[in-house]
Amino acid sequence: MAVTARGRPVPEYKIQRKERLQRLLEKYKVIGLSKMEGIGAKQLQGLRKKLRDTALIKMEKNTLIIRSLKEIKDKKKNVDKLADYVKGSVALILTNMNPFKLSNILAKSKTKTAAKPDTISPVEIVVPAGNTGFPPGPIISELGDVGLPTRVESGTIWITKDTVVARPGDLITKKLALVLKRLNIEPIEVGLSLSVAYDDGLILTEDILTVGPEKFFQEIQEAYTQALNLAFYAAIPTPETIVQLLRTAHSNASNLAINAEIPIPEVLPSIIRKAESQALNIALKLAAKDASLFPSLKPVEEKETKRKEEKVEKPEEKEEKKEEEEEEVGGLGALFG
C-alpha cells in the first residue's frame, strides 16, 4: 500500500489519478509544457475546442506531473528531464503532432485582450493619432493624465500624434487601463505557447520551437554549405564532393608532373611547349646581345621599330602621290573643256 511522507495511506482516487496521467504521458509521442499566466478560461476553452482532434490540454498539480514523469523514465528515454521545467502555473499539451507545427498553431491562435490595471506590460503600447469620437468634456483631462496630446476639432476630441504610453516592463496604472479600454485598444496578446517540449528523447526549448520556417530553411542551407566545404577541404569522399575532389586531384597531379618534368602521355605536350617557350626566350636574349648568333631571330625592339617605319610614309612618296592626283584632276577638266 502506498503511503504519504507522514506515513498515511494514499487515497485511492489520487493513485488512480496518477495512473491515468502516466497512461496519457506514455500514449502521446510529444509532451509539451505551456505557461498559464494571464490565460483566461474563455481563451483556454477556445484553444481546447480548436485542438480537440490534434492535442489534449490537461491541467494537473506540479507535484503530480513531476512524479509521473520520473516514474515513466524507464519507458521513455530522458522524459524525466522534462520535470526540471515544471515551474509555476503550467499546463500539459499532449499530442502526436510535430512539435514545431504545434508551436506554430499555438502562435497563430493568440488573441488580443485589454490591459489589466496593476500589471506589468509585456509589450510597447502605442496610442495612434486620430479622432477619438468623444465630445469635449472631462475625458480631455483623463487623456492628458496618461500623456496623450489632444485638440478639439469639429466637435470631437482628436489625439494629435502617435504616443507611446507604456514600454515593456512598465506598470499599467488604473488610469491608463481605463483610457485604453475607452479607446477600444487591446494591446496584450494572450494565448498558449510551448515553453518546452519532449519529442522522442529530445528536450526542445522555446527558442528552438519558435524558429520560423524561413529561418529554419536558411539555417539548413547554411549548415549544408558549411558541411560541403568541410568535406571538400578535408578531402572526405562523399557523393556530393567526389566529382570536385577528383577534378582537383587531377589538376594538382598534372601541375606536379609538368613542373617536375615527368614525361607521361597526359602532360608531355605541355612539357614540350614549356621547354620550347623557355628555349625561345633564351635565344631572344642572346640575339639581343649578338645578332650573328641567331640570324633568323631579331630582337623585339628591332622588330617593333621596323613595323613602325613601315607605317610612316616618306615625304617624297607623299609629294609624288599628290602630283599624280592633281594630274588626274587636270585630265578630267580637259576632257570637259
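Ile242 sits in helix H9, which covers residues 242-259. Keep in mind that this is a predicted model. At 32% relative accessibility, Ile242 counts as partly exposed. Together with Val243 and Leu246, Ile242 makes up a nonpolar patch on the surface, and the three share about 250 Å² of accessible area.

Which residues of H1 are buried? They are Lys18, Leu21, Gln22, Leu24 and Leu25. Looking down the axis of H1, you find its buried residues within an arc of 160 degrees, so they line one face of the helix. The general rule behind such a pattern is that an α-helix has 3.6 residues a turn, so residues three or four places apart point the same way. As for what the buried residues of H1 pack against, the partners are strand E1 (30-35), strand E2 (55-58), helix H3 (62-71) and strand E3 (90-95). On the face of H1 turned away from the buried side, you'll see the exposed residues Tyr13, Arg23 and Lys27.

Next, the charged pairs. The structure holds nine salt bridges, and here are some of them.

| Salt bridge | N to O distance |
|---|---|
| Arg17 and Glu60 | 2.9 Å |
| Glu71 and Lys18 | 3.3 Å |
| Lys29 and Asp199 | 2.6 Å |

Take the salt bridge between Arg17 and Glu60. Arg17 belongs to helix H1 and Glu60 to the loop between E2 and H3, so this pair ties together parts that are 43 residues apart in sequence. Arg17 is partly exposed, at a relative accessible area of 33%, whereas Glu60 is buried, at 10%. Arg17 and Glu60 are also linked with Lys58 in a network of salt bridges.

The salt bridge between Glu71 and Lys18 also involves H1. Glu71 is in helix H3 and Lys18 in helix H1, so the pair ties together parts that are 53 residues apart in sequence. Lys18 is one of the buried residues of H1, while Glu71 is partly exposed, with a relative accessible area of 42%.

Then there is the salt bridge of Lys29 with Asp199. Lys29 lies in the loop between H1 and E1, and Asp199 in strand E13 (residues 194-199), so the pair ties together parts that are 170 residues apart in sequence. Lys29 counts as partly exposed at 42% relative accessibility, and Asp199 counts as buried at 14%.

Finally, a look at the backbone. Most residues other than glycine have a negative phi. Asp200 has a positive phi of about 50 degrees, although it is not a glycine. Where is Asp200? Asp200 lies in the loop between E13 and strand E14 (202-205), and at 64% relative accessibility Asp200 counts as exposed. Ala235 has a positive phi too, of about 55 degrees, although it is not a glycine. Ala235 is found in the loop between helix H8 (213-233) and H9, and Ala235 is exposed, with a relative accessible area of 52%.

Key. Residues numbered from 1 in each chain as written. Predicted model: local features only at pLDDT ≥ 70, side-chain atom pairs only at ≥ 80, totals over all residues. Heavy atoms only, no water. Buried < 20%, exposed > 50% of the residue type's maximum accessible area, 1.4 Å probe, protein only. Helix = DSSP H or I, 4+ residues; strand = E, 2+ residues; numbered from the N terminus. Arc of directions from axis to C-beta. Contact = heavy atoms within 4.5 Å. Salt bridge = Lys/Arg side-chain N within 4 Å of Asp/Glu carboxyl O. Patch = residues over 30% accessible without salt bridge, like charges linked within 9 Å, V, L, I, M, F, W, Y side chains within 5 Å. Areas by Shrake-Rupley, 256 points an atom, 1.4 Å probe, with all protein chains shown as cover.
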